[in-house]
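Have the viewer open as you read.

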Amino acid sequence: MNSFHLLISLAWRNLWRNHRRTLVILFAMVLGVWAMIFTAAFMRGMSLQIVDDTIENMTGHIQIHAPSYLDDPVIEHSFSSANPLLSRSLQSTEITAAAYRIRVPAVVASERESIGLVMVGIDPDDEGQLSFIQSSIIEGHYLKDASEPGVIIGRKLAERLETRLGKRIVLMTQNNKNEIADRGFRIVGIFDTDLEAVEIGYVFLTRNLAAKLVGVTDDVSEIAIKVSDLKRLDEVVEGLRQQHPELDIKAWYELQPISKLMVDLYDSFHLVWHLIVFLAMGFGIVNTLLMAVFERTREFGLFQALGLKPGFILGQVWVEALMLLILGLALGNGLAWVSVLATGEGIDVSAFAEGMEMANLSNIIPFVIVGQDLLLANSVVFVLGMLTGLYPAWRAAHLVPADAITRI
Amino acid sequence: MTSSWTFAWRNIWRYPRRTILTILAIAFGAGLLVFSIGLQLGQYDLMIQNSVRIYHGLLQVQKEGYQDEPKMRSSIANIRELGEQLRQATGIEAITARANGFALVSSATRTYGTLIVGVEPKLEERVSSLPGVIKDGHYFSAVDAQEVLIGRSLARNMQLSVGDELTILGTGRDGSVAATILPVVGIYESGSRELDRNMVQMPLATFQDVFSMQGHGHALVIYHKDVKQLEVFRVQIQQQISKHNTLTVLSWDEIQPGLKQMIELDYSSGWMMYIVLVVVITFSILNTFLMSVLERTREFGIMLALGYRPFDIGRLVMLEALILTLIALTIGTAIGFAINLYFYIYGLSFSGMDELAKMYNMPSTITPQLSLQSIFMGPAVILIFTLLAALYPALRIRLLQPVVAMRKI
């Protein structure tokens, strides 16, 4: 115990013998650790944002379709919502919300323009719990209840169609007999989102109206589901699949493989980035410790001549490296924490709005620190740092006493 | 002069291990920067080139305001003649006229709303790579042929194959009903989701006939493989169309602002990381420079006593840092360049890239850019930072007092 204490206090004092040098390398390490964690927080924010946006943009956590719907999204490929078995499985405690939709391609026409898009018939209350629409209305109102006779369109679509709130538009779509069905609707609400493609790509109305237009009664094209615990997503999907083998049930990442791919890319880049930053500072750490060792050649020689074992010397230099690492990590983590707090909601990249849009992202990217990322960054630095510190320590322990003692 | 180089050179190698570690740190940074900047720039080139090549063109002449609000009525009169005139006046061969409309298209069983584009077949082949990616059937036979081409995804959704008929129902330029039935002669597969899913092409004269265009069209699309010539062409074309004061020339980044912004965003976030990395490297080698001055206090004291000016010693220290950095940068740049050269020849791809490539309209292998900019920009930044780091120890020499310094160990 006593020699342990000696080891620690010796190492600590040695570390600050040349305080300028220690401060310089400490600064490099703090900066490196900060860069790792701050960048990791940015990337994490980005990938969480991708997942959130994907889920909010009508995808939900899970979707249920008739088997051929995803290839050919027409009303023919629908399934009955009046299936008691299905309603029962959706009442599971693991499912917090389920929204039934009629979702088919359509053409919308104002007096001046016509545009192709997707018509979505929704149950206003259920949909409100699941997707962005209810909270994105900027003019007019959301669909009040199942008897609402109007439609909601995006801001950009209204511009493109040269129409506005209160005006009528005509929706044309294919009904279940493969004929064109059309009907005029009044615009009762306009929504605004970050993604222009969404603003221009959807028109919302109640499921009753949509059903009437396409000629069905209780058939739906899709059910979007939100689960209570994302970690158990795969189990919930599997459970639903077993109960309803006749339906096509997919998790969000199967529906939006690109979002999943981007998230995976970010995830794998974490480690690459940590390793790069560590290498950049690793050379400096070795160099600084080596300098510290060579300056003390004589001292180490003396230690050995006095009978201290090489193991003790190795331990001493290694403990110096350890202290340096712990200090660097502590300060770096602290600094990263403070800078993430300072960014608040995140950074606003709306200057690149259209570029973000191509990447399917909205304009504010939050910085998010999660335990797993912290652990990864810190363990990379710690483990590699200790390995790096081993070399100077080994050098110090293997000086030949007689040579070392005579060196100036 | 020579003697100070020799002097500096020998000083560097007094502590070979330390020097080598420092060189490794800088070389690592330089190599990494050369590699990733080359890769980034190469990827951007491909994204631009691809999106320009496949359909959108390098430049477009449009009616003012058409880009923001693509209305049928914002059209260019006698568009084919204007195209011919531009080809003759500027000498650029690849200029073609297009007209765009929207219509309901129906097969026997399905109906979708899509973009309809009228093209000049012979000229379109010079501008766009779309005519080259017909996977079934053939391209248009003439500018007034009664034929349509559709994309692979749309064909699948509409359950259409070559030879089937397509019913088109839309609104003409004058507000009249535009309706026709045309056979599908070809199915293209461009790899771009937007084009494969949501576009029907027909020959321009046929389009003008169906949509009552009376010789009008919406865009003259200009292609050239050298993106760098863009401004030259723009000026030439601007001069030609200056008498039509309602026309405007747009470049690829104005036609697709999203692409440009995505590149800028990616490039600036890339540079943020590079700068952070360079600063970390700088501090990690700062100790080498600092120590090389601090441990030579006595030596410098003697030099001062011998009549060297602090400036000379400072210059010597800077020279040492410069030589060290240059060696490191040469090694790093050479390695980075070699890696990029390898991928330039063999291409780089990673798993999952196909999907991303489709979304962002890129080929599925990346070739790094090999240019002066891509090779030397990263190392130049590192050079600046390391010299700044060397400046601090060099300036400290001014504080030395010869007598005190000489007494130091």
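How many residues of chain B are in contact with chain A? In this predicted model, 45 residues of chain B are in contact with 44 residues of chain A.

## The interface, from chain B's side

Which parts of chain B do the touching? At least two residues each come from α2 (16-56), β2 (95-106), β3 (111-119), α10 (257-294) and α13 (353-360) of chain B. The largest share belongs to α10(B), which puts in 21 residues.

## A helix pair inside chain A

Now over to chain A. Helix α2 (residues 19-59) and helix α10 (residues 257-295) of chain A have axes that come within 10 Å and cross at roughly 180 degrees. Angles over 145 degrees count as roughly antiparallel, so α2(A) is roughly antiparallel to α10(A). Sorted by class, the contact between α2(A) and α10(A) has 21 nonpolar, nine polar and one charged residues.

At 1.5 Å a residue, α10(A) should span 57 Å because it has 39 residues, and the 57 Å between its end C-alpha atoms agrees with that.

## How confident is the predictor?

For the complex, the predictor gives an ipTM of 0.79 and a pTM of 0.81. Chain B has an average pLDDT of 88, with 95% of the residues scoring at least 70.

Key
Residues numbered from 1 in each chain as written. Chains lettered and ligands numbered in written order. Predicted model: local features only at pLDDT ≥ 70, side-chain atom pairs only at ≥ 80, totals over all residues. Contact = placed C-beta atoms within 7 Å. Helix = DSSP H or I, 4+ residues; strand = E, 2+ residues; numbered from the N terminus. Axes fitted to C-alpha atoms, helices over the stretch in contact; angles between N-to-C directions. Parallel < 35°, antiparallel > 145°, perpendicular 65-115°, else oblique. Nonpolar A, V, L, I, M, F, W, Y, C, P; charged D, E, K, R; others polar. pLDDT = per-residue confidence, 0-100. Expected span 1.5 Å × (residues − 1).
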